[in-house]
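Trainee: Please pick one part of this model and take a close look at it with me. I would also like to see how that part sits within the whole chain.

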Amino acid sequence: MGVFDIVPTGVLTGDNVRKLFEFAKENNFAIPAINVTSSSTANAVLEAARDIKSPIILQVSQGGSAYFVGKGVANDKQQASIAGAIAAAHHIRIAAKAYGVPVVLHSDHCAHKLLPWFDGMLEADEAYFKQHGEPLFSSHMLDLSEESKEANIATCVKYFKRMAPLGLWLEMEIGITGGEEDGVDNTGVDNAALYTQPEDVYDVHAALSAISPNFSIAAAFGNVHGVYKPGNVRLQPELLGKHQAFTSQKLGGKQEKPLFLVFHGGSGSTKEEIATAVSHGVVKMNVDTDTQFAYLCGIRDFILNKKDYLLQQVGNPEGADKPNKKYYDPRVWVREGEKTLVERAKEACKDLGNVARL
């Protein structure tokens, strides 16, 4: 039995998202969520998923969304981030079917100060739902981890009540992911805040499960955005097992792993840490820093190797009258970045056991 026995190709919504995550949890694998900032990066990730016959998660951050529509658009009221997220969603919906893979289309961290961006995406979901009977996106994330637990949960409940009737999945964060990403800087937070307690996770589950089963929890276990020297980040993925056990016991013990868990700050993690997290019910792992670098590598190496063909339009080591168009055409050097991103996305899938799952 494979993924195509339970969900279709293309962007998934509603119960199909839960079916995919249930299948992943039951079969002890997780799906990488790779941040994309352009049609080029999105296509490369879809290409990787197609080549290794696996489902994939494509996600846009607030800053990545703004970049998708172009840095020339003002963003003082989140208008660029809203337009870019919508543009990305429509592109990915078309491209996902062309590549023939199931895709979860997700928006990444939304802190309290970015809620106007979230509101704009929800309005787009509601408009799309009126026309097509499903939302534009598969899921959205609220990251209110800097708020008190009570405020965090209350805001998530408010939005989830609006999202659930549309068939939208909600990802929320309890506990803080350290480091810095897209303007959200948690580099100076108290170390204790990087480790969520089982009681807090259960409180989230109790509040959201009363609305819909379609949600996941990013519980902190020492996670940090970015890549750091070994020993500088102390992950404790075994804590996720304690969250599962505590919630299971509270629910009567019928399910060993009742929670859908998310691994943030996955770049730079060891394969052992990843395997432990997956064994405790992680179904999604965010990967951004490593894939950004991978995309650069292909372009960087091409530029360095072909430098003498890129200094002017005509004239290179083969002759003063030789044209260089076949080297400076963006379709050539951008493609080199796509190739290296494809390989890094495949590696992320392999690390999570997400290979030949269709």
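Mentor: Let's begin in the loop between β4 (102-107) and α5 (115-132), where you will find His109. Keep in mind as we go that this is a predicted model. His109 has a relative accessibility of 10%, so it counts as buried, the cut-off being under 20%. Now look along the sequence and then in space: His109 and Asp143 are 34 residues apart in sequence, yet their C-alpha atoms are 5.3 Å apart.

Cys110 is the next residue to look at. Its relative accessibility is 0%, so Cys110 counts as buried. What about disulfides? A disulfide is a covalent bond between the sulfur atoms of two cysteines. The structure holds zero of them. For Cys110, the nearest cysteine sulfur belongs to Cys156 and is 10 Å away, and Cys110 is in no disulfide. To call a pair a disulfide, the two sulfur atoms would have to be within 2.5 Å. Cys156 also counts as buried, at 1% relative accessibility.

Let's compare that with a residue in a helix. Ala83 belongs to helix α4 (residues 79-99). At 32% relative accessibility, Ala83 counts as partly exposed.

Where are the nonpolar residues gathered? The largest nonpolar core has 78 residues, and Leu58, Val103, Phe137, Leu208 and Ile217 have the most contacts inside it. Take Phe137 as an example: setting aside residues up to four places away in sequence, it touches Thr13, Val60, Ala85, Ile86, Ala89, Leu105, Met121, Asp125 and Leu168. There is also a second, separate core of 16 residues, which includes Leu12, Leu20, Phe23 and Phe260.

With a relative accessibility of 1%, Leu259 counts as buried. Its contacts, leaving aside neighbours within four places in sequence, are Lys25, Val201, His205, Ile217, His243, Gln244, Thr247 and Gly281. For Gln244, the C-alpha atom is 6.2 Å from that of Leu259, although the two are 15 residues apart along the chain.

Here is something to look for in the backbone. Asn28 sits in the loop between α1 (15-26) and β2 (31-35). Its phi is near 60°, a positive value in a residue other than glycine. Asn28 is partly exposed, with a relative accessible area of 41%. Ala356, in the segment after α12 (330-351), also has a positive phi, near 55°. Its relative accessible area is 59%, so Ala356 is exposed.

Along the principal axes, the C-alpha atoms fill a box of roughly 80 × 50 × 45 Å. Of the 358 residues, 56% count as buried. If you take the contacts between residues at least 6 apart in sequence, 70% of them join residues at least 24 apart. The chain exposes about 15,300 Å², and 52% of that is supplied by carbon and sulfur atoms.

How confident is the predictor? The average pLDDT of the chain is 92, and 91% of the residues score at least 70. Over residues 183-191, however, the pLDDT is below 50, and this stretch has 15 contacts in the model beyond near neighbours in sequence. Residues 225-232 also stay under 50, and there the model has 15 contacts beyond four places in sequence. Where pLDDT is low, the predicted coordinates should not be read in detail.

Notes:
Residues numbered from 1 in each chain as written. Predicted model: local features only at pLDDT ≥ 70, side-chain atom pairs only at ≥ 80, totals over all residues. Heavy atoms only, no water. Buried < 20%, exposed > 50% of the residue type's maximum accessible area, 1.4 Å probe, protein only. Contact = heavy atoms within 4.5 Å. pLDDT = per-residue confidence, 0-100. Core = buried A, V, L, I, M, F, W, Y, C linked by side-chain atoms within 4.5 Å. Areas by Shrake-Rupley, 256 points an atom, 1.4 Å probe, with all protein chains shown as cover. Helix = DSSP H or I, 4+ residues; strand = E, 2+ residues; numbered from the N terminus.
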